[in-house]
Amino acid sequence: MFLGVGAGMLWSGIRVFIPTLTGGAIDKDMANGWHPASLLFYAGAILVLGALSSTCSGFRRYLAFKVSYAVETDLRQAMFANLQELDFQYHDRAQTGQLMARAATDLQQINQLCTMIPITIANLLTVVLVSVFLLVIDWKLGLLALCCLPIVNVTAKAFSTRVHPVSMALQQDISNISTVVEETVTGIRAVKGFGAEGSQHRQLSGRADRVYDRIVHLARIRGLFQPMLDVIPAISMVAVLAYGGFLVIDHRIQVGQLVEFNLFITMLINPLRSLGQIIAQAQRAVASSERVSQILDALPEVADRPGARSLSPGPGEVRFDGVRFAYSKEGNPIFDGLDLVVAPGESVAVVGATGSGKTTLARLIPRFYEVDGGGVLLDGQDVRDLKVADLRRAVAVVFEDTFLFTETVAANIAFAEPGAAFERIERAAQLAGADSFIAELPDGYDTVLGERGFSLSGGQRQRIALARAILADPRVLILDDATSSVDANKEHEIRDALRQVMTDRTTIVIAHRPATISLAQRVVLLDEGRIAATGTHDELVATCSRYREVLAQAAALDAARTELRNELDEVPS
Amino acid sequence: MRGMGGGPGWSQGAVEDEDRVDAAEAGRIVKRTFRMMRPHRTGMFLALAVLVGFTLTTVAGPLIVGYAINHGLTAGHFNKRVVVASALVYLVVAVSMGVLERGQIILVNKVGESFLRDLRKRVFRHILSLSMSFFDREQTGRLVSRMTTDIDALENLVQQGMVIFVTSGLLFAGVIVIMAVLSPLLFVVTMVVLPPIVVASRKFRRESNVAYLNVRDRISQTLSTLQESLSGIRVVQAFGREESQFAHFVDHNQAQYDANLYATKLSARYFPVVEFTNSAATAVIIGFGALLVHWHRTSIGTVSAFVLFLAYLIDPIQQFSQLFNLVQQSGAALKKIFGLMDTEPSVSERPGAVELPDKGELVVDRVSFSYRPGESELVLKDVSIRVAPAERVALVGPTGAGKSTLAKLMARFYDPVEGTVSFGGVNLADATFSSVRRRIAVVPQEGFLFHGTILDNVRLADDTTSEDEVRQALRTIGCEQRFDALPEGLQTEVRERGSRLSAGERQLVSLARAALANPDVLILDEATSSLDPGTESEVEQALTALMAGRTVIVIAHRLSTAERADRVGVVDAGGLLELGTHEELVAKGGRYSALYQAWIGQNRSEGSEIETFGAAPEGGNGQGVMASGQTTSS
């Protein structure tokens, strides 16, 4: 940064001598006879100084941009690192779109300010030096030339301030257009089905008109300020020409000095304009950096405690010991003294109505959230005392909404261990019942999946997610409603896989379909954060009316979802 | 760069192959663009005239200074009147420059933007006119970027291109002429300095365009990596993969930095050349100019004017290289837009199309269909069915068997490859679009909602419909009260994809659209069951009201729906295998009967309903879906 500023100052320090040399050459060598030696000196000096100053200018530009890109890159990296550390609690609240805007727009604003710092310092120096030169040559003429110029600065700032809100609004107008286009294309069946082409087109026309109006408004603002910025220096020139002309005639200054004055004024225009702009830019960058630092300063609630221990080997017993938990300080507690023991190797199905706390229960084990009281223990060790990395390595979760990365099938399965041997990946896929459809993909295990890759059906995605968990070979496996996005009549395809995986492994299954539930050795019915009943599936069906009720409700919802999915799947390929 | 400002689509900036255009193509694109500009001709010429005026006033400054020095300030010819007159003329020129500049800014924007506004509307109208098969093929993101990224690229051209072209071109030409006239000798010497800068500019232009595309591509990659990590954050944390994700991101972030730095290097090399050329030219003009003054071949005023003119000579060269990139980028954008505009709708209105009659029989006659033209594998093969006015036909069959396709052909979303679909004796292919839409409405399964109020969503097909008419439609299907009960009634804004309305309410909106359209034929993707229990009965009632007195084709996912229809058609493997009343088909002992037996068997043993019996023929039906007392009343 200092190098950049130094290069910038050198640049302006050298540059300001060129008009003087030019004026001197005109006066000494043209107006007053023929002096080859002095002429050679002037021309040579202009050439040398020109070379020096332009070299400095190149360095200034390079260094300034280098530093500000480095700042932007570092900030983005720090932002990403912190976002990765922040816990579920934070991400539950944060909106992806907002975070993206911080990473793109806000960082750009900061970058632009950084870029402008060296040139601004150089510009300030230019203004000061040029002013001094002008005043030294002839202080009256100097004042005359300079008096117009502060207005340029003020105008430039006012311009930037006036333009900014309008151009922001314009951005919004433009994104409104893309909303209409996107909605129309996504909802094209509704549009075509009801013949809504006309009204959609009117919608778009209205928004296109709005964009037009906004740009014309912007043009009016520019049409007001831009000419002022051009006319004011020109008036300066006029004043210099008139008054300076008289001074020349009165032999108070020489003709070359007049040309020099003109060149100096030209040299002042850009610095003064950009000084006005940087004030406005700085205001924006400050607002942006406040938003960015909100992200950088957010602290994860879940992190390794000082002196966190490694997880010692164990058979995989999970114990909830008087657990209390609420999602927020003010909110209702989800659990208020929950006790539950899952024996090593046991498989337990957790069943409950929406909001009963079953997903929360599962998410407390890998410490996605921090308990408010009591403790969650893995093999007798409180999860809060363990290294987070160790804990999560030992507990694998398969989520309801499977997320696949834009990577190959193999990389998605080997997510927990990117270096895993291909045989292990293949075996995990076999166990998850995914190998047969993977073989049919265009590039087999090398097929790229994810949002920007090949799209799989819900059941296929789920099996990849299962394979991902199998490869991690966890001590405790949690299936968080992992089969619900698979149609009931296709669920049997992954049921065998589940049975395989659950054998001899502590497993907690959150489920609502009888077929899945019955895979577990024991069922726990959760109702409003309490364990309402426990037993085998058949026992509970026979004895517990609340259990039957919960299952019936779930089945109704399930039917609804299946219907919806069937329709969505029925798109010609 | 405007695309970065927010809103949807972070990865839209990605560089596509089509971003490169060759010379022959560029010619065609320019011609076509000028044709499209024709309606804006008057405005364009006016803007052009103002631009020329503005440029002339800009050049006038140094000329006046030069004149004043030559005729009022050269030793021996001192003349105060010349100085005063020059200053006054300069003042007038300066003020008119301001006025002309204001006019130029506003005019250029008005002309350019009205062209772009027209283009936006035209492109969108064209998108709307395209057929379903086009939307099946095309990705949403690509279509959206035609209307956003590409038009933004043109925006840059319109905003800067024309001004740069005229002012720089004129300045350059004007300055050359003036210099040549003032002092041909000095002019020739000055020109010696120019070749290096021309070469440097061309090189910079070429390299910086590549660098710019590369930077854009890198930015979009970084952002999409970030987006993916944020969306998948829970999986990342669950498997403790924060570090490898971070490393992955750092790679992309670093690549973006490198791309930016490369672009900076290019400009840090180029701009000093420009600056140095300026000084070098000044040195040459001073040195040689003094010689000429000594030889009495030129005057001090002329030398001064040359020095002051230099900026006008070098700036345009710089600007032109920028313009070239602008033209290239917008050329690529136009090429993609034209590509879209040249896509013909596969279903279109014939010249002399007629109105569909008010009432009539819906006849599908020996229809075959495939989604890709010329493909041998047919989705439907030789299907025929006649549906009488006010008759209800349920289509059943496994997913992908063709029942949805058959329904879509009945609404002319596609044209059959062979055979015809007609209503009241008129082939749909010979009917006007508007009359097809008026007579035949399709209610999609997913009640898709658009940004806006519930009112606007119901009157989707015609936004000029009055609120009273909308209310009337809501009343017909019995859900006026339900929407009135919402906080802001019909004015309630439904946000993204209708997140504030339940699935049932969304479907009610969809049914209300149909009620408002008041068609003769209703094509329903069965909607009765994808619901929260609360709205189920309401949707049921709405449907019953809606179907009354209309011809109905329903794609049934549940046998209970089929049971209530007048006739049932079993579609499988692209053919209509069975067609008859529920009783007939059950008695017949075919496919339908097997499904029915499986269903009631399930029903008896577990008291449940099996939903998508679409998969039933494959054997694994039901899998013990457990529900007590959830049978739909039938």
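## Two chains in outline

A residue is called buried if 20 or more other C-beta atoms lie within 10 Å of its own, exposed if 12 or fewer do, and partly exposed in between, with the C-beta atoms placed from the backbone. By that count, 48% of the 573 residues of chain A are buried. In chain B, which has 634 residues, buried ones make up 48%. What you see is a predicted model, in which local features need pLDDT of at least 70 and side-chain atom pairs count only at pLDDT 80 or more, while totals for chains, interfaces and linings use all residues. Residues are numbered from 1 along each chain as its sequence is written, and chains are lettered from A and ligands numbered from 1 in the order in which they are written.

Helices (H or I, at least four residues) and strands (E, at least two) are DSSP runs, numbered from the N terminus. Chain A has 20 helices and 10 strands, and chain B has 21 helices and 12 strands. Two residues are in contact if their C-beta atoms, placed from the backbone, lie within 7 Å. Look at contacts between residues at least 6 apart in sequence: in chain A, 79% of them join residues at least 24 apart, and in chain B the share is 77%.

## Where the chains meet

How many residues does each chain bring to the contact? Chain A supplies 136 residues and chain B supplies 145 residues. On the side of chain A that touches chain B, helix α9 (residues 197–249) of chain A gives the most, with 31 residues. For classes, Ala, Val, Leu, Ile, Met, Phe, Trp, Tyr, Cys and Pro count as nonpolar, Asp, Glu, Lys and Arg as charged, and the others, Gly among them, as polar. That side of chain A has 75 nonpolar, 36 polar and 25 charged residues.

One helix pair bridges the two chains. Helix α5 (residues 96–137) of chain A packs against helix α8 (residues 194–231) of chain B at an angle of about 150°, with the axes 10 Å apart. Axes here are lines fitted to C-alpha atoms, for helices over the stretch in contact, and angles run from 0 to 180 degrees between N-to-C directions. The contact includes Leu99(A) and Met100(A) of α5(A), and Leu223(B) and Leu226(B) of α8(B). Its residues are seven nonpolar, three polar and no charged.

## Helices packed within a chain

In chain A, helix α3 (residues 36–85) and helix α10 (residues 255–297) pack at about 40°, with their axes 8 Å apart. Angles under 35 degrees count as roughly parallel, over 145 as roughly antiparallel, 65 to 115 as roughly perpendicular and the rest as oblique. α3(A) and α10(A) are therefore oblique to each other. Among the residues making this contact are Leu75(A) and Met79(A) of α3(A), and Val292(A) and Ile295(A) of α10(A). By class, the contact has seven nonpolar, one polar and no charged residues.

In chain B, the axes of helix α15 (residues 467–476) and α17(B) come within 8 Å and cross at roughly 115°, so the two helices are roughly perpendicular to each other. The contact includes Val470(B) and Leu474(B) of α15(B), and Ala512(B) and Leu516(B) of α17(B). Six of the contact residues are nonpolar, one is polar and one is charged.

## Helix lengths and what follows them

The expected span of a helix is 1.5 Å times one less than its number of residues. Helix α17 (residues 503–517) of chain B has 15 residues and reaches 21 Å from its first C-alpha to its last, close to the 21 Å expected. 15 of its 15 residues are buried. Just after α17(B), Asn518(B) has a positive phi of about 50°.

Helix α10 (residues 242–294) of chain B has 53 residues and should span 78 Å; its end C-alpha atoms are 77 Å apart, which agrees. Just after α10(B) comes His296(B), with a positive phi of about 60°.

## A few single residues

Is His251(A) buried or exposed? His251(A) is exposed, because 9 other C-beta atoms lie within 10 Å. His251(A) sits in the loop between α9 and α10 of chain A, and its phi is near 60°, a positive value in a residue other than glycine.

Asp504(A) lies in the loop between α17 (492–502) and β8 (506–510) of chain A, also with a positive phi, near 60°. Asp504(A) is exposed, with 12 other C-beta atoms within 10 Å. Val95(B), in helix α3 (residues 80–129) of chain B, is partly exposed, with 16 other C-beta atoms within 10 Å.
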